[in-house]
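Dear colleague,

Please find the structure for your review below. My notes on it follow directly after.

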Amino acid sequence: MATYDFVFEGLGLEDWCEAGGDGAAPMSMDALMAQSSGEEAAPSLWDLPFPSMDALNEACAAFPQSRNVTLGLENGFLAVKDSISVVLDPITQPLSWMLDGALYAILNTPWWIVIPLILAVVWMVSKSWQLLGFVALSIGGLAFIDYYSYAMQTLAIIMVCAFLCVLLGVPIGIAMSRSDRLRAGTIPILDMLQTLPPFVYLIPLIFLFSVTEPKLYGIAIILYAIVPVIRLTDLGIRMVDESVIEAAEAFGMTDRQKLYGVQIPLALPNIMAGVNQTIMMSLAMVVIASLVSAPGLGVLVLRGINNLELGVGLVSGLGIVLLAVILDRTTKAALDRINAAQKG
Amino acid sequence: MTRSEKTTKIAIRNLYKIFGANPASVLDKVKAGMSKEELMESHRHVLGLNNINVDIKEGDITVMMGLSGSGKSTLIRHLNRLIEPTAGEVLLNGENVVDLGPKELRRLRREEMSMVFQHFALLPHRTVLENAGMALDVRGLPRSEYESEAQKWLDRVGLTDVGAQYPHQLSGGMQQRVGIARALTSNSPVMLMDEAFSALDPLIRTDMQDLLLELQDELKKTVVFISHDLDEALKLADHLVILKDGFVVQQGEPQEILMQPNDPYIVDFISDINRARVLRVRSVMEKTGEAPAEVAGDVDRDDTLEEVIARSEGRTDLTFRVMHKGRQVGVLKMTDLVKALVPTAAAEDGLRSSAA
Ligand SMILES: Nc1ncnc2c1ncn2[C@@H]1O[C@H](COP(=O)(O)OP(=O)(O)OP(=O)(O)O)[C@@H](O)[C@H]1O
Ligand SMILES: [Mg+2]
């Protein structure tokens, strides 16, 4: 006798229930507990179970259990997986090539070329001696304790992913700034991408791609990190002074001239702030993505956790912090220089 | 040259603008005479412009004046179609601006009309020189070609050495000079100025007005100037249009409006000004070719009353001969002059308080 028998009786569905009840369905948790304690609990209002799928299944065996839902989802996913893969695989293949290429290049170029190259980029972007000194010390330090190749792998992955984020995110942001409808449709997706715990979207990706492919973690990083650059591009363009736009129109600018000559340059500080955040989020994700075979410092952190190698975990954690500071300071310095040029 | 002899550059005909969800649906009600308040209350639409008819003459400075919210900015933005009208026509050289396609409209904005803005609206990421050359840059000229033209107009507005600086490095007055240079560089026959001097300090403002008059003497552009300041309007205007709640209350020669205001709103507007300084002899004199019996002296018809009072040394029994180009055009009695200094009778009858 189950609590919700009356529902099915009331609806006259007893026959359907009996026909469906083959008794093969796994027992629900509650039933299991009750059985082991060996007594049938006296039904009281206090113990009234929520009319959940499992509770209803107890009253009527034909009613699906909640486990069937997740099972159905799994099966559905597996059913469409192949057809999705046919489309997605070729589209995302270049990502694998880019990541492989970048990792190969950075590991097979001698350190005495890579390190000066990084320093030159930092100098060009920031024009700050202090930052240059800090970067030289950090990378030198990491290399000294033999973490050089791990750090460089992480850096290479971030560079590829952040570059693709900007390449895709800026045009999406521009499109959003021009169409309120597109914006209304995109914002919930962006919200979802941003609030979803990073582990969660590894799940469907693991289904779709094999874990050995670099594009698996590439996509995870890009999905996670692309949000700020899209948002801030949209915001930046929308925030451009109305009156300047009006002047551009009054002097007969075409939409193109307006976009490249006025809107993007004036939105640049915001876009750069988005790029900064995107790079920082790529770094956060590349560590998590070591779970799905992303190489780099994250692998060491993982090793630290799995093998209880406290020292390795801590030092690689420190290495990640150093990389974060380097990337953040360098992009912020670029941002400051843009701001200084525009407003003073 | 009298007003009727000048060619009409821009003719605004039966222009209506209603802001709201469905302007066409309430247009008939507005045409039937519904007021701005009523339209707002019963239909949730804002009446921006209500049956505007103005002729803007070639080579004139036409000033549109009115209080905040009277529709000045809305009106001037119809001339280059930054705002689309609900109904009506804007004819530039006889051609209806409302019918232009996107390409023709761009040509009009690039070559026929330029605009100066209240808050300057310079491009902050471009240098002063690049801003001044913006109109030519938009037309696709390379920097090397527009540079000399832009520099020429920067020199002309008194900004010789700042071409390489950025707008934010300049004071407000200097920024607006860049704004004017930008409009002049486009070499368009029509110049639209929306409260171009309203954001400036009084002294700089006077300088800029003088600059505009000086340029206008030389260039003879068709200028449409928006202002909410009567002194400025009287100083600049060849033709004055007074707006209220989106319709034209009165338009005409400024002196004429001062002497014969036809609405309490205008009486209210003009009651605070220094009449001796803005009224001119020609508005007060008696038109006659006959020499008066006793002539205290000659005055020019464009002298202000203030200048005549100074000459009369305060005596009210004098009579002056009014001259124009060496010929007598009228006679000015000091008694008439003094009477003209009193604001229109209507103002004293308490119309002012009822208008407020
Ligand atoms: N986009 C718009 N939507 C709705 N109403 C508008 C819009 N633009 C202007 N209006 C209304 O039209 C009227 C005229 O506005 P306009 O800006 O032309 O006034 P103005 O004379 O230029 O005033 P100001 O001296 O403050 O600049 C106002 O009542 C304003 O609220
Ligand atoms: Mg205005």
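To begin with the sheet in chain B: four strands form an open sheet in the order 11-14-13-12, and their pairing is mixed. Strand 12 of chain B runs parallel to strand 13 (residues 319–324) of chain B, and three bridges join them. Within this sheet, B:Val299 stands opposite B:Val322 in strand 13 of chain B. Helix 16 (residues 334–341) of chain B packs on the sheet, where it touches strand 13 and strand 14 (327–333) of chain B. The direction of helix 16 makes about 65° with that of strand 14 of chain B. Please note that this is a predicted model.

As regards the domains, chain B is divided into domain 1 (3–252) and domain 2 (280–340). The C-alpha centres of these two domains of chain B are 38 Å apart.

I turn next to the aromatic pairs. With ring centres required to lie within 6.5 Å, the count comes to seven aromatic pairs over all chains. One of them joins A:Tyr4 and A:Phe6, whose ring centres are 6.1 Å apart with the planes at 35°, so the pair is tilted. A:Tyr4 is buried, with a relative accessible area of 9%, whereas A:Phe6 is exposed, with a relative accessible area of 53%. B:Phe197 and B:Phe225 also form a tilted aromatic pair, at 5.3 Å centre to centre and 55° between the planes. This pair links distant parts of the chain, its members being 28 residues apart. B:Phe197 lies in the loop between strand 7 (190–194) and helix 9 (202–219) of chain B, and B:Phe225 belongs to strand 8 (residues 222–227) of chain B. Both B:Phe197 and B:Phe225 are buried.

Finally, I draw your attention to B:Val30, which is found in helix 1 (residues 23–31) of chain B. Is this residue, B:Val30, buried or exposed? Its relative accessibility is 2%, and buried means under 20%, so B:Val30 counts as buried. Apart from its neighbours within four places in sequence, B:Val30 is in contact with B:Tyr16, B:Ile18, B:Leu39, B:Leu47 and B:Asn50. For B:Tyr16, which is 14 residues from B:Val30 along the chain, the separation between the two C-alpha atoms is 8.8 Å.

With kind regards

Conventions:
Residues are numbered from 1 along each chain as its sequence is written. Chains are lettered from A and ligands numbered from 1 in the order in which they are written. This is a predicted model: local features need pLDDT of at least 70, side-chain atom pairs count only at pLDDT 80 or more; totals for chains, interfaces and linings use all residues. Side-chain values use heavy atoms; hydrogens and water are left out. Rings of Phe, Tyr and Trp (its six-membered ring) pair if their centres lie within 6.5 Å; planes under 30 degrees apart count as stacked, over 60 as edge-to-face and the rest as tilted. Buried means under 20% relative accessible area, exposed over 50%, partly exposed in between (1.4 Å probe, protein chains only). Helices (H or I, at least four residues) and strands (E, at least two) are DSSP runs, numbered from the N terminus. Domain bounds come from an automatic or database domain assignment. Two strands pair if DSSP finds at least two bridges between them. Contact means heavy atoms within 4.5 Å. Axes are lines fitted to C-alpha atoms, for helices over the stretch in contact, and angles run from 0 to 180 degrees between N-to-C directions.
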